[in-house]
Amino acid sequence: MSLELTVNPLLCVAHGMCAELFPERISLDDWGYPIIDKREIPPHLEAHARRAVAACPTLALILRTRAEARPA
Amino acid sequence: MARAANHDLHRTVSPPAPGALPRLLPDPPASRLVDHLARLGPVPDRVEHLAAAVGEAGLRGRGGAGFPTSVKMAAVAKGRRTFVVANGTEGEPASAKDKTLLAVSPHLVLDGAVLAARAVGAREVYVCVERGASRTVEAVQLALDERLAARIDPVELTLALTPNRYVAGEESALVHWLNGGEAKPTFVPPRPFERGVEGRPTLVDNVETLAHIGLIGRFGAGWWRSVGTAEDPGSALVTVSGGVARPGVYEVPLGTGLAAVLASAGAAPEATRAVLMGGYFGTWIAGAAVPQVSLGAASLARAGTSFGCGAIAVLPAKVCPLVEAARVARWLADQNAGQCGPCMFGLPAIADAMDALVRGEKSGNAERALARWTGMVKGRGACKHPDGAARFVESSVRVFADEVALHRRRGPCARTAPLLPVPAGGGWR
């Protein structure tokens, strides 16, 4: 089952911890907000992804299994 | 109400001639129930085939996204204790078709809402109108009073007067507001068809979409498809504004040539610099390209645009497109809900860069920044506001590249009177 990182933009206030902890998939935009690289997260990077999620002070970073196609 | 004797309310009438218009905007208006029923007759008693008929008709949402209506209906119909929301908020400054439709044919919209409610098993319908649109609010209130007195509806209809904000009409924002919150978009999924009003599956449809359902429910998919083309069936409302002799709302068959629509509104082709298709989230079509474009999905896609909400703003040659684009970009920045960082900081930065282009900044920094930031903000908000604003700015810089170069060479132009409207915003509740 493949994992997917998502940011809830309503909660994110640009602490930037995630990009520090998981630079393999997270960079920051010109205003300090995370940009997620949507490529698949290979098993050897999963621990880094989970650490980034756990470190987010506003719980804005979410790790979930890749969503199936939705009707809308 | 003396004229609306009981037999009048139930007398069926033969459908308007196939292929004939108007369907949605009768002249004279049918704002009174008695006139509406004399024209179209009552809605049918049976709705079990409605979703299939709407699918067969090929009706797509007319609020801007163009999603197939029957798919959304089917998804909501699976739920229990569902709701219907008739979205007539129309915060788009270049569009007036929903307000006009609700003022001219409120009962056709309400018929469609009631049919849709019965089809998805909803007992309650919220009819949402922007509270600043006083003429429309009056017409809808009167129509609701008439229906209550005539006892024709098996579902409860409630008028809800929404805040005057651009993003307040976005479906998740509207649902959040109906649930007692601010009219600001929420993080999706779940989308309203999954969890909407009171957390229940909710069908949010644009009021024009519902009016079409009011027609399909009565006269069927075949009749409905007798206007338009096989690929783009039906009629649609368009709002033509800006540099034309007869601005207003027109009902046209889909697939009609853009030039013909502009001609009926009295645009002068040789004096038309460009056309903004789809409102402030839309894209520009250069005047020279207008003759090749028709109001069908494929043709509009080839022109790099889409039908959107049917707003068509005409930019005359004598107006500076860059000044207009910069003003709209600033307004879009001001309309952000202050929720998501990339939108909150990105759109004002983009608007600043557009102002730099208008000033004729020579370094080229503003153009590079625009290319970077428009790409950066897309897909990064809870709603599509940053995407729409970025699309508008990208299109402006691309279609008016000659104007950007001219400003860089010669500095700011002699400004003309503002053309595209930028209304003041209200609160969020």
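## Strand pairing in the chain B sheet

In this predicted model, strands β5 (residues 235-242) and β9 (residues 311-316) of chain B run parallel and are joined by 4 bridges. Within this pairing, Thr239(B) lies opposite Ala311(B) of β9(B).

Both strands belong to an open sheet of 5 strands in chain B, ordered β6-β5-β9-β7-β8, in which the pairing is mixed. The edges are formed by β6 (248-253) and β8 (283-286) of chain B, each of which pairs on one side only. From one strand to the next, the twist averages 30°.

## Helices against the sheet

Helix α5 (residues 97-104) of chain B packs on the sheet and touches β5 and β6 of chain B. The direction of helix α5 makes about 120° with that of β5(B).

Helix α15 (residues 385-399) of chain B lies across β7 (272-277) and β8 of chain B, and runs at about 25° to β8(B).

## Nonpolar cores

The largest nonpolar core holds 137 residues; those touching the most other members are Val84(B), Val85(B), Ala86(B), Ala113(B), Ala116(B), Val275(B) and Ala329(B). Helix α6 (residues 106-120) of chain B gives the most to this core, contributing 10 residues. Leaving aside residues up to four places away in sequence, Ala113(B) touches Val84(B), Ala86(B), Val125(B), Val127(B) and Leu210(B).

Another core, of 13 residues, lies apart from the largest one; among its members are Cys12(A), Tyr33(A), Ile41(A) and Ala49(A).

## Contact between the chains

Chain A supplies 12 residues to the contact and chain B supplies 18 residues. On the side of chain A that touches chain B, 8 residues are nonpolar, 1 is polar and 3 are charged.

Notes:
Residues are numbered from 1 along each chain as its sequence is written. Chains are lettered from A and ligands numbered from 1 in the order in which they are written. This is a predicted model: local features need pLDDT of at least 70, side-chain atom pairs count only at pLDDT 80 or more; totals for chains, interfaces and linings use all residues. A nonpolar core is a set of buried Ala, Val, Leu, Ile, Met, Phe, Trp, Tyr and Cys residues joined through C-beta atoms within 7 Å. A residue is buried if 20 or more other C-beta atoms lie within 10 Å of its own, exposed if 12 or fewer, and partly exposed in between; C-beta atoms are placed from the backbone. Helices (H or I, at least four residues) and strands (E, at least two) are DSSP runs, numbered from the N terminus. Two residues are in contact if their C-beta atoms, placed from the backbone, lie within 7 Å. Ala, Val, Leu, Ile, Met, Phe, Trp, Tyr, Cys and Pro count as nonpolar, Asp, Glu, Lys and Arg as charged, and the others, Gly among them, as polar. Two strands pair if DSSP finds at least two bridges between them. Axes are lines fitted to C-alpha atoms, for helices over the stretch in contact, and angles run from 0 to 180 degrees between N-to-C directions.
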